[in-house]
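My entries follow the order in which I looked things up.

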Amino acid sequence: MAATERPSPAAYRNLFVATVGFTLTFWAWDLIAPLGSDYRDRLGLSSLEQSLLVAVPVIVGSVGRVPVGALTDRYGARLMFPLVSALTIVPVLLLIPARHSYAATLAVGFVLGLAGTTFAIGVPLVNSWFPPARRGFGLGVFGMGMGGVALSGYFTPRIARHGETLPFLVVAAALALFAVLAALLLRDRPDRPVPDESLTVRLGRAGRLRVTWELSALYAIGFGGIVAFGVYLPTYLKTWYGLSPTDAGTKAAGFALLTVVARPFGGWLADRVHPALVTAAALGFVALLAIVQAFDPALDPVGTICFLCIAAGLGTASGSVFALVAQVTPQAQVGSVTGIVGAVGGLGGFVPPLVMGAVYSAKDSYSIGFMLLSDLALAGCVYAYGRMRGVRPDGVGA
């Protein structure tokens, strides 16, 4: 690699700070879910009410990436990252007085969704600092920040044992410290293109790009699959294999950890092979393993191997898709496109659990659901290989 293609020290500094911020804000974004049973017992919630309480921040955070990504294109990550991190402290602290009221907690959860938008801030920042030959790696490392959800799942209930308000105070303090450090250390690339159109115009322009929706569909399969398994895998393991809640949670945590590790691998590999080919191979791998799991193999060892391989495939695909975003999106529109792609990917994770639950209720089997996953992954594999290999930043085929 030529010297001019090596990332600068500033690129690595910005990548490190952004990844830390992404991790912390995702921890804040997921503060309610690990305490779901506590909210259920305290407020006497039904299953639907508890699910809604957990889902609201996720939905708002996913949708909110669209305007936040466009604002990042205009104002830069140096302003947006500290600002969003600091603003997130407000709903985190409001969860303390709101915890005795379902309506109040639901309202605060809506505002807490802001924490989930930082993905659309970090991607254009990292994309601008890293040269094309290393963007896949940079974006993959940044994507490891989604592990903040796993950190929340592990540490939040354990911290709560020492005081029911302590998790909110700890996260708020961490966010405050990060906001100060980000304001001091983050820098936008001096030569980054700054659009002068309005937010509406820029979002409309990004929405008219064909690649925006192609990338959204691929990311909905990759990252949406990760979200779906994160939500539904414990239920599936308990229902079908009869695992205890603790064992099911442990295996689900292993699945999540592997997706986090596989994401930078997908980005690194996409730097060396065309990201469309990496995406196609990863989704094809997922399709194959989903077929195997559809035949309900024994959990040890075949089922466990299937799930770990599916985790690796989905994580790799998530990393390579955003390497593809960096390659086929005009630089000035990366934030806007990232916002839309990230929103669709996050929302895509809510459909499979509903389908799996409905299929199991109707047929007393999960096989149809896994075959549908296989079909969807195979369709993404074919499209990534057949169409996305020849796309250029102007949105047309090579």
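I note at the outset that the model is predicted.

**Entry 1: α4 and α5**

I began with helix α4, residues 77–98, and helix α5, residues 102–112. I found that they pack at an angle of about 170°, with their axes 9 Å apart. Since angles over 145 degrees count as roughly antiparallel, I recorded α4 as roughly antiparallel to α5. I noted the crossing of this pair as left-handed.

I then listed the residues that make the contact. From α4 these are Thr 88, Pro 91, Val 92, Leu 94, Leu 95 and Ala 98. From α5 they are Ala 104, Thr 105, Val 108, Val 111 and Leu 112. Sorted by class, the contact of α4 with α5 holds nine nonpolar residues, two polar and no charged ones.

**Entry 2: α6 and α15**

I turned next to helix α6, residues 119–129, and helix α15, residues 334–348. Their axes lie 9 Å apart, and the packing angle is about 140°. The crossing of α6 with α15 is right-handed.

On the α6 side I found Phe 119, Ala 120, Val 123, Pro 124 and Asn 127. They meet Val 334, Gly 335, Thr 338, Gly 339 and Gly 342 of α15.

**Entry 3: Ser 216**

I located Ser 216 in helix α11, which spans residues 210–241. Is Ser 216 buried or exposed? Its relative accessibility is 1%, so I recorded Ser 216 as buried; the cut-off for buried is under 20%.

I traced the side chain of Ser 216 to the backbone oxygen of Thr 212, at 2.7 Å. Setting aside residues up to four places away in sequence, I found that Ser 216 touches Ile 340, Val 341 and Val 344.

**Entry 4: Ala 248**

I placed Ala 248 in helix α12, residues 245–272. With a relative accessibility of 0%, Ala 248 counts as buried.

Which residues does Ala 248 contact, leaving aside neighbours within four places in sequence? I found Pro 234, Leu 237, Lys 238 and Leu 243. I also looked up the separation of Ala 248 from Pro 7, which is 241 residues away along the chain. Their C-alpha atoms are separated by 41 Å.

Technical notes: Residues are numbered from 1 along each chain as its sequence is written. This is a predicted model: local features need pLDDT of at least 70, side-chain atom pairs count only at pLDDT 80 or more; totals for chains, interfaces and linings use all residues. Side-chain values use heavy atoms; hydrogens and water are left out. Axes are lines fitted to C-alpha atoms, for helices over the stretch in contact, and angles run from 0 to 180 degrees between N-to-C directions. Helices (H or I, at least four residues) and strands (E, at least two) are DSSP runs, numbered from the N terminus. A crossing is left-handed if the near helix is turned anticlockwise from the far one by less than a right angle, and right-handed if clockwise. Contact means heavy atoms within 4.5 Å. Buried means under 20% relative accessible area, exposed over 50%, partly exposed in between (1.4 Å probe, protein chains only). A polar contact is a pair of N or O atoms within 3.5 Å; within protein, one must be able to donate a hydrogen and the other to accept it, and residues adjacent in sequence count only if both atoms are side-chain atoms. Angles under 35 degrees count as roughly parallel, over 145 as roughly antiparallel, 65 to 115 as roughly perpendicular and the rest as oblique. Ala, Val, Leu, Ile, Met, Phe, Trp, Tyr, Cys and Pro count as nonpolar, Asp, Glu, Lys and Arg as charged, and the others, Gly among them, as polar.
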